[in-house]
Amino acid sequence: MPTRLRVRMPDRPGTLGRLAAALGAGGVDIRQIRALDRAAGRAVADVLVALPAAMLPAAAARLLTGIPGVRLEGCWQASDSLELDLGLEALAETLAAPHRALPVLVDAAPRVVAAHWAAALVVPSGRIVRASWRAPRLAPGPLGEVRPHTSTAADGTRLAVVPLGREHALLAGRRNAPSFHQSELRSLTTLARATARLIGLVADARPARVNLSLVADH
């Protein structure tokens with residue numbers, strides 16, 4: 001499975017070229033570069049790479065240490081596809097078979113936002129109605145109204161929660177990875193809202209919170 005490197009770097013000409021040259025010199029194949037944020041002379045990007053057979057992710061990360069101003073924020077295994085393409089594929093499948101909208105969304109969500117698992121929960125009971133492959137055993141507390149936000153669980157799992165109509169919430173998680181970026185949260189929110197409308201769940205996104213006994217990110 002490909003590896004995703006989240007990199008913070010100076011937003012100036014030549015930096016991305018030096019990054020690509022450093023990875024290429026180590027035999028790392030760059031599959032995709034996605035800019036997440038640009039502000040105040042700095043940029044954050046996800047670099048999707050394929051590592052040589054004998055290389056561990058930590059070794060790939062070390063290839064970037066000599067580039068001035070470049071800081072690795074995390075590396076983790078992720079899908080080998082563009083998030084936009086995956087989101088459109090999920091919506092197309094939902095249009096073709098609306099009765100399968102919920103399982104399609106839950107199975108697609110981890111790939112759309114480079115997560116390891118996802119689950120759909122009933123609001124307000126918190127009951128799990130659909131979980132993706134690799135989802136852990138979840139025991140969330142009762143849910144209030146849900147607003148899109150990120151959190152960190154006590155075991156370090158990074159979480160993203162978005163509303164899925166008025167009766168459900170969508171939860172995505174990943175381990176040993178950076179927090180979900182706001183652009184990822186927006187992608188997940190957009191996909192959930194579109195899916196909810198397609199299957200008639202009524203996307204009434206009222207500001208709210210979810211009670212999952214988590215430590216909020218700062």
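**Salt bridges and strand pairing**

Asp-46 is buried, at a relative accessible area of 2% (buried means under 20%, exposed over 50%, partly exposed in between; 1.4 Å probe, protein chains only). The model is predicted, so local features need pLDDT of at least 70 and side-chain atom pairs pLDDT 80 or more, while totals for chains, interfaces and linings use all residues. Residues are numbered from 1 along each chain as its sequence is written, and side-chain values use heavy atoms, without hydrogens and water.

**Salt bridges around Arg-6**

- The structure contains 10 salt bridges (a side-chain nitrogen of Lys or Arg within 4 Å of a carboxyl oxygen of Asp or Glu).
- One of them joins the side chains of Arg-6 and Asp-46, with an N to O distance of 2.7 Å.
- Arg-6 belongs to strand β1 (residues 3–10) and Asp-46 to strand β3 (residues 42–50), so this contact ties together parts that are 40 residues apart in sequence (helices, H or I, of at least four residues and strands, E, of at least two are DSSP runs, numbered from the N terminus).
- The side chain of Arg-6 also meets that of Glu-184 in a salt bridge, at 3.1 Å from N to O.
- Arg-6 is buried, with a relative accessible area of 2%, and Glu-184 counts as buried at 1%.
- A network of salt bridges links Arg-4, Arg-6, Asp-46, Arg-174 and Glu-184.

**Salt bridge between two loops**

- Arg-175 and Asp-155 form a salt bridge through their side chains, at 3.9 Å from N to O.
- These partners are 20 residues apart and link distant parts of the chain: Arg-175 lies in the loop between β9 (168–174) and α5, and Asp-155 in the loop between β7 (149–152) and β8 (158–164).
- Arg-175 is partly exposed at 38% relative accessibility, and Asp-155 is partly exposed at 48%.

- β7 and β8 pair in the antiparallel sense over 4 bridges (two strands pair if DSSP finds at least two bridges between them).
- In this pairing, Thr-150 stands opposite Ala-160 of β8.
- The hairpin of β7 and β8 has 5 residues between the strands, and Gly-156 in its turn has a positive phi of about 95 degrees.
- β8 and β9 pair in the antiparallel sense over 7 bridges, with Val-161 opposite Leu-171 in β9.
- These two strands, β8 and β9, form a hairpin with 3 residues between them, and Gly-165 in the turn has a positive phi of about 75 degrees.
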